[in-house]
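Please consult the sequence and the structure shown here while reading.

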Amino acid sequence: MTGDAFARAPTRAFAQFGAALTYEALPGTVEQHLTIFLLDYLRVASLGQRMPWSAWATRLAHESGGIGRSTLLFSTDRIDPERATFVNATYAGSIDADDVHVGSMLHPGCIVISAALAIGEARGASGAAMLSAIAAGYETMIRIGLSLQPSHFRRGFQSTSTCGGFGAAMAAACLMFEGPARTTRIAETLGLVASFSGGLTQFYHSGSTVKRIHAAHAAGEGVHAALLVEAGFSGPTDILEGQDGFARAYADGHDFEKGLEGLGTTWRLLETAIKPHASSARVLAAIEATAKLCRDHDLVHGDVRAIRVGIPKVILGRLTVNEPKDIQAAQMSLPFCMAMVLAQGRDIPPGFTLNVDDFETALADPQVMGLSRRVECALDADAERVSTEQSVGAKVTLTLHSGRTVECFIDAPKGSASHPFEMSDHVARFSQEMSKRWSAAQVDTLLAEVTAFARTPGPQRLMQLLAGAL
């Protein structure tokens, strides 16, 4: 199929890509990133599993689901694949610490890996097959998101939830369907999950806990769609581009040529960022710049008279609220995140992390809210210039009571594609979190299983290790 034909028929182009992809065909850089994604997914899921909304999701799954062959993370409990995907994606995708693709404005790992683990375990897939399905899922949802943004976001949709179903559907379908109809079944699964897509961003304005399950809903529906196709149902195989299809319904404009360019040869998943903090990817540079100023100039918040942050246009509005209403809003608020850093001042250690618990504590601290109210967000040409589909920059300027002004400009935050963590960082972050659950020897065994996942017969041993059952 030529490039023009791909652009005219993107649904089938993605299906053909997924159907043909094998682990052996993946470049070495992609293989390494898949290991990184899996390490980070499990680290974040371990953090998220302890949240109250994760308990709600787990309880509901047990109450409504039957006995199945898919394991809930960090337990030996098994339920059906759809509900297992929903619960595990709640763990991994609810605290805003999971991996993110900035340009497509979505979080792929929590969705795609949850779907692949659930279906892979239930259907006896090998580690290599699961990783190739994960790669296909990442590429699909990222590229569909890129095709629709920024119009999709401006319409009020959160693409993790709306486009995420395509990633989960792709991963599940790749693991479920074989034979001459494989491409068609995958396309039908993509066509079907589109009808289940949803995810509105009113929470930015009004609060609520709905965003905690946006990724989980998309992931579960992707698996649900594949199961429905296996049972005999189907979706339109031109759902992305059709006259009453996904693009027309969910965006004012789209560019599938952009989304499909280099499909199978250029890997957009390599642009995925790993977060150091549980907040929006677009505020990470401002957090980093504020922390650097505090450390480099030995500052405490009492030294600061005025706080200004230069931002690109994409941040202005939903991410610049000075007085967030709840924890979720605080995590998305650039001023509040900066205020949390300023409140700690020079005592911030290198490599510090803002977790969900920190936001909960900070919301109850009038000092932090007072600092947040003082943060002035202004459009900045330098921040605009360096901001890309991979990362967003920020310029923080602090005016001190002494009359001195200090400034820090971060073009791309730590964890972004142009400023990545080292593999040793990923291992350390993973091991630090898992050591809260198990002994050093158990953590080492678990780490070895993850890093060798492509050579394993499937996820069964991994899930047992995560439950502490081995």
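The text below describes the salt bridges of this model and their surroundings.

The model is predicted: local features need pLDDT of at least 70, side-chain atom pairs count only at pLDDT 80 or more, and totals for chains, interfaces and linings use all residues. Residues are numbered from 1 along each chain as its sequence is written, and side-chain values use heavy atoms, with hydrogens and water left out.

Side chains of opposite charge can pair when their charged atoms come close. A salt bridge is taken here as a side-chain nitrogen of Lys or Arg within 4 Å of a carboxyl oxygen of Asp or Glu. By this rule the count is 24 salt bridges. Three of them are tabulated.

| Pair | N to O distance |
|---|---|
| D40 and R43 | 3.0 Å |
| R155 and D252 | 3.2 Å |
| D298 and R346 | 3.6 Å |

Helices (H or I, at least four residues) and strands (E, at least two) are DSSP runs, numbered from the N terminus. Both D40 and R43 belong to helix α3 (residues 28-48), where they stand 3 residues apart, about one turn of the helix. D40 and R43 are both buried (buried means under 20% relative accessible area, exposed over 50%, partly exposed in between; 1.4 Å probe, protein chains only).

R155 lies in the loop between α8 (151-154) and α9 (159-162), and D252 in the loop between α14 (246-250) and α15 (256-260), so this pair ties together parts 97 residues apart in sequence. R155 is partly exposed at 36% relative accessible area, whereas D252 is exposed at 64%.
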